[in-house]
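Good morning, and thank you for coming.

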Amino acid sequence: MASCILIFSSRATSSGRWWSRSLTGARWPRPLCAAAGAGAFSPAATTTTRRHLSSRNRPEGKVLETVGVFEVPKQNGKYETGQLFLHSIFGYRGVVLFPWQARLYDRDVASAAPEKAENPAGHGSKEVKGKTHTYYQVLIDARDCPHIVSKERGQTEPRSTEAVTFLANHDDSRALYAIPGLDYVSHEDILPYTSTDQVPIQHELFERFLLYDQTKAPPFVARETLRAWQEKNHPWLELSDVHRETTENIRVTVIPFYMGMREAQNSHVYWWRYCIRLENLDSDVVQLRERHWRIFSLSGTLETVRGRGVVGREPVLSKEQPAFQYSSHVSLQASSGHMWGTFRFERPDGSHFDVRIPPFSLESNKDEKTPPSGLHW
């Protein structure tokens, strides 16, 4: 009998979360099972997983039911709009809206060229050549958002789900606004599945963006609303460059996004959003303690930023919860610049080590002079 993917409520395990990197040795297709009304799940359901769902710790009143069947992950080609999937790292259910072709600059596989001298782009660096890599704009199932967590020592509040932020209207008192439940997912993080449910993903934009058509595969096609939204917001949604580097088995991935320009006090202020994922590729437990940023602006300024943790948190990366992802923002009074730096981690024995943040460029869209005027449909 094929193994099921089990979805638990937050009471199903002590952590309320399961993590997995891959589906090794799986048979395809595989049934995807869920506990109705639950949220967190394991992409690699094993005998151990099933044992945890004993009568002793099964959430009261929850019944397992099939919600879909796994498909074979694509080694080549792209997933289409409407493809349902599980995220192989964070474990949430989602649906593909559309793909982006990005340039991945992976310093772990950089050419063996000699180190370059220090330059404004950051610390001495290897020659890194980008390669084309597919990412996807996706919606996250709202039922799983409360379970996309990374709790830190001494804290009880989980981090919120991913969101994409935009510059607000000029007449809006807020500098930024966010659309929750949007994420960017790498091709290899997609674990595709199918479902007979006509509304398999709970997100306020699902039915606004997608239409069920049983004659198609996948059976969810883009509405005109989705196409118009992508076209009008393209400059601020587009993913172009991805930067990745590993230090002492901690991999840092950075994705910068240009958000637009604002005029303030007779000067131009350019905004960027950047998304960072931290992954522990080892079994040792480590905790992020400090951040150290260097921000260079084309105007000639070089700023240093130091502080505790990131976004007010000091995440623990372990074998059970190996990854943490967050987004932040930066503004410059110049149309371009660079950022680089280090994260300081602490081991259980109290020793520390620094993890490099790969240098990345902050580039504005030269053909776009103003930020989006609210959310376009």
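Val138 has Asp183 as its bridge partner in strand β10. This is a predicted model, and I shall begin with the strands around that bridge. Strand β10 covers residues 182-186, and it pairs with β7 in the antiparallel sense over five bridges. Strand β7 also has strand β6, residues 93-106, as an antiparallel partner, here over 10 bridges.

Let me turn to the nonpolar cores. In soluble globular proteins, nonpolar side chains tend to be buried together. In this model, the largest nonpolar core has 30 residues. Leu97, Leu210, Trp229 and Leu239 are the residues with the most contacts inside it. Several elements give two or more residues to this core, including β7, β10, α3 (224-237) and β15. Which element gives the most? That is β6, with six residues. The core also draws at least three residues from each of two domains: domain 1, made of 64-110, 130-152 and 159-238, and domain 2, made of 245-367. There is a second, separate core of 28 residues, and among them are Tyr270, Leu288, Ile295 and Phe345.

My next topic is the aromatic rings. How many aromatic pairs does the structure hold? The number is 16. One of them is formed by Tyr258 and Trp272: the ring centres are 5.8 Å apart and the planes meet at 55°, so this pair is tilted. Tyr258 belongs to strand β15 (residues 250-264) and Trp272 to strand β16 (residues 267-280), so the pair ties together parts that are 14 residues apart in sequence. The cut-off for a buried residue is under 20% relative accessible area. Tyr258, at 6% relative accessibility, therefore counts as buried. Trp272 is buried too, with a relative accessible area of 1%.

Elsewhere, ring pairs link Phe98, Trp100, Phe209 and Trp229 into a cluster. Trp229 has already been named among the residues with the most contacts inside the largest nonpolar core.

I shall end with a charged residue and a ring. The charged end of Arg273 sits over the ring of Phe257, at 4.2 Å from the ring centre. Thank you for your attention.

Key:
Residues are numbered from 1 along each chain as its sequence is written. This is a predicted model: local features need pLDDT of at least 70, side-chain atom pairs count only at pLDDT 80 or more; totals for chains, interfaces and linings use all residues. Side-chain values use heavy atoms; hydrogens and water are left out. Two strands pair if DSSP finds at least two bridges between them. Helices (H or I, at least four residues) and strands (E, at least two) are DSSP runs, numbered from the N terminus. Rings of Phe, Tyr and Trp (its six-membered ring) pair if their centres lie within 6.5 Å; planes under 30 degrees apart count as stacked, over 60 as edge-to-face and the rest as tilted. Buried means under 20% relative accessible area, exposed over 50%, partly exposed in between (1.4 Å probe, protein chains only). A charge sits over a ring if NZ of Lys or CZ of Arg is within 6 Å of the ring centre and within 35 degrees of the ring normal. A nonpolar core is a set of buried Ala, Val, Leu, Ile, Met, Phe, Trp, Tyr and Cys residues joined through side-chain atoms within 4.5 Å. Domain bounds come from an automatic or database domain assignment.
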